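Dear colleague,

Please find below the structure that I am handing over to you, followed by an account of what was found in it. I would be grateful if you kept the structure open while reading.

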Amino acid sequence: MKKKVLFCATVDYHFTAFHMPYIKWFKDNGWEVHIAANGENNIHYVDKKFNLPIQRSPFNFKNIRALKDLKNIIDENNYEIIHCHTPMGGILARLAARKSRAKGTTKLIYTAHGFHFCKGAPILNWLLYYPIEKFMAPLSDCLITINKEDYELSNRSFNIKRIVHIHGVGIDTEDFKPIDELNKKVVRESFGYQPDDFLLFYAAEFNKNKNQQFLLNSLALMKDELLNVKLLLAGEGALLNECKQLANQLGISHMVEFLGFRKDIKEILPMCDVAVGSSLREGLPVNIMEAMSCGLPIIAVDNRGHRELVINNKNGWLVKSNDSTGFSSAIKDLAERKGLKERLGANSRKIIMRKYSIDKVILEKSEVYKSYMKEMEDTMWATL
């Protein structure tokens, strides 16, 4: 009989966006793969998919039904490994798997993709999410963190058997890679941009945390000095129209392109000059890592996730979340200092290749999986 692994998250597109290489890894090693999440997407390599009414809010009563369903799924399938993601996916899976873990037949791994409580986070986040994670910690066999701050906090604060720091979800450095100047010119023309346009890029949902207003205010400070700068903003969200109105009010609507939801980020990124990041809170931002893999320098707001990736004067700069002047000055430096953009961008690519490529992260994560596979085998043989 094939061994089974269950992946659980709030929504199913979390897996198609971030975890397909790891699902494939289990299939390649002869395991049966199940997924439990909200959504009806067909996911490659998955043997069985459970559509559960999991909601992001911990106060939504639909989560009670989701918990009952998930408990039944776990009790019926005898999973050797459960790997859960996202706050609510992690909470429900850990609660539902208590019986299986108590029997010693299941190992549960939880990946925290950036705790909602961190240095600089609102006090409400600490009051709500920190006690939940502290209570839930003993219900896991392993906690995976994706940045140093979360790793250190977990070691100080949580009672859990094992805590591991893994470098994110991994970036495909063949999909996201630099292009030469000739190809860059061709790609720019195909998107309607000029060779001498200085293109800034940011892909994120338009919400309070992603803080696109900061970028618009920073751009307004240089509108009379750098006439060829264009800010490309990909994404949708509740604050999209508000940001469009702000661009009009600041007199920079001609310098901002609102691209909407895009599936061609890997074509857009290499033609750009700089990747920017304005979010107030990040775990380990995939959008920044993809840009770095394409050889772009980074100018970003100083937060936990950006600090993990951006080294001042090596591959970009970090600025305070209220320092629009410092942000616009950094942009002007990159636009005006010959060779600086290329040097910082090359360093970005090296950082990704060294720590964050998909090959490196698969090795890190597979070591965690293999340790539990061996432990389960040893336990089985000891009972015979």
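**A helix contact**

In helix H12, Met289, Met292 and Ser293 meet Ser348, Arg349, Ile351, Ile352 and Tyr356 of helix H15. By class, the residues of this contact comprise 5 nonpolar, 2 polar and 1 charged. H12 covers residues 286–293 and H15 covers residues 340–356; the two helices pack at an angle of about 115 degrees, and their axes are 7 Å apart. Please bear in mind that the model is a predicted one.

**A parallel sheet**

The model also contains an open sheet of 6 strands, paired in parallel and ordered S10-S9-S8-S11-S12-S13. Strand S10 (256–260) and strand S13 (316–319) form its edges, each pairing on one side only. On average, neighbouring strands of this sheet are turned by 20 degrees against each other, direction ignored. In general, the strands of a sheet pair through backbone hydrogen bonds, in either a parallel or an antiparallel manner.

Which residue of S10 stands opposite Ala234? The residue in question is Gly260.

**An annotated domain**

An unreviewed UniProt entry places the feature "domain: Glycosyltransferase subfamily 4-like N-terminal" at residues 4–147. In the model, this span is 42% helix and 24% strand. The C-alpha atoms at the ends of residues 4–147 lie 29 Å apart.

With kind regards

Key
Residues are numbered from 1 along each chain as its sequence is written. This is a predicted model: local features need pLDDT of at least 70, side-chain atom pairs count only at pLDDT 80 or more; totals for chains, interfaces and linings use all residues. Side-chain values use heavy atoms; hydrogens and water are left out. Axes are lines fitted to C-alpha atoms, for helices over the stretch in contact, and angles run from 0 to 180 degrees between N-to-C directions. Helices (H or I, at least four residues) and strands (E, at least two) are DSSP runs, numbered from the N terminus. Contact means heavy atoms within 4.5 Å. Ala, Val, Leu, Ile, Met, Phe, Trp, Tyr, Cys and Pro count as nonpolar, Asp, Glu, Lys and Arg as charged, and the others, Gly among them, as polar. UniProt positions are given in the numbering used here, feature names are shortened, and annotations may be inferred rather than shown by experiment. Two strands pair if DSSP finds at least two bridges between them.
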